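Here are a few exercises to work through with the coordinates open. Try each one yourself before reading the solution.

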Amino acid sequence: LFKNGYFQQAVWNTIKFTILAVVLEMGIGLLIAVFINTLKRGQKIMRTLLLLLPYLLPAVTVALSWRMMLSANYGIVNQFLTAFGTILVIDVWQNVPFVFLLLYASLQSVSENQYEAARIDGAGFLQQFWYVTLPNIKGSLALCALLRTIDTFRLFEKVNVLTGGGPAGTTTTITQFLYNYGIKPL
């Protein structure tokens, strides 16, 4: 199995995808959570409309919707996404809300007294973020990174619906490889 070129490509694709997806989802999710946490008004609307919708949709629905938007004939965002890795962008778009929810809930538990003490000591926004926010949410960050790593490592639906692992195995992941070449149920 480890000498099989398609399997090696699938392993490399899976690892590369997992690293990129987790880093992007964690970064974007944290930025949005910090931004929305600082809003005085409109937090509920922003949380509900902009961030929960992508995460609540089933993976197949998301993949089929994006397949239409990426169609070579009538896709509205095909040219833009080609440069960024289509499946990666779709996965990040769908899963940033999950990261946001976990980190936003964690941010809610950070005491305002800690921020106030930091401001009195002369800390700016970045220093408050580095020395107050991050230490208080590090457990949630670790949990979120673990859950997203597990989930992205088993990526199947988006690859199967959009590319089927092609062309020539360039988007094949381990799960797609097992589906295409592994033991199939009768």
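Before you start: the model is predicted, so local features need pLDDT of at least 70 and side-chain atom pairs count only at pLDDT 80 or more, while totals for chains, interfaces and linings use all residues. Residues are numbered from 1 along each chain as its sequence is written, and side-chain values use heavy atoms, leaving out hydrogens and water.

**Exercise 1. Find which residues touch the most other members of the largest nonpolar core.**

Step 1: A nonpolar core is a set of buried Ala, Val, Leu, Ile, Met, Phe, Trp, Tyr and Cys residues joined through side-chain atoms within 4.5 Å. Buried means under 20% relative accessible area, exposed over 50%, and partly exposed in between (1.4 Å probe, protein chains only).

Step 2: The largest core has 22 residues, and L30 and I137 touch the most other members.

Step 3: Two or more residues each come from α1 (5–38), α5 (86–108), α6 (112–120) and α7 (125–153); helices here are DSSP runs (H or I, at least four residues), numbered from the N terminus.

Step 4: list the partners of L30. With contact meaning heavy atoms within 4.5 Å, and neighbours within four places in sequence set aside, L30 meets V99, L103, F129, L134 and I137.

Step 5: Another one, of eight residues, lies apart and includes F17, A21, I87 and L88.

**Exercise 2. Work out whether Q176 is buried or exposed, and what it touches.**

Step 1: Q176 lies in helix α9 (residues 174–181).

Step 2: Q176 counts as buried because its relative accessibility is 0%.

Step 3: skipping residues up to four places away in sequence, Q176 touches F156, V159, N160, G164 and G165.

**Exercise 3. Say which residues make the nonpolar surface patch.**

Step 1: the rule takes residues with over 30% relative accessible area and no salt bridge, joining nonpolar side chains (Val, Leu, Ile, Met, Phe, Trp, Tyr) within 5 Å and like charges within 9 Å. Areas come from the Shrake-Rupley method with a 1.4 Å probe, with only the protein chains shown counting as cover for residues.

Step 2: W12, I15, I19, V23 and F153 make a patch of about 500 Å².

Step 3: α1 gives the most, with four residues. F153 sits in helix α7 and is partly exposed at 40%.

**Exercise 4. Trace the salt bridges around D151.**

Step 1: a salt bridge needs a side-chain nitrogen of Lys or Arg within 4 Å of a carboxyl oxygen of Asp or Glu. That rule gives six of them.

Step 2: R148 pairs with D151, with the closest N and O atoms 2.6 Å apart. Both lie in helix α7, three residues apart, about one turn.

Step 3: R148 is buried at 2%, whereas D151 is partly exposed at 24%.

Step 4: D151 also bridges to R154, at 2.7 Å between the closest N and O atoms.

Step 5: zoom out. A salt-bridge network links E25, D91, R148, D151, R154 and K158.
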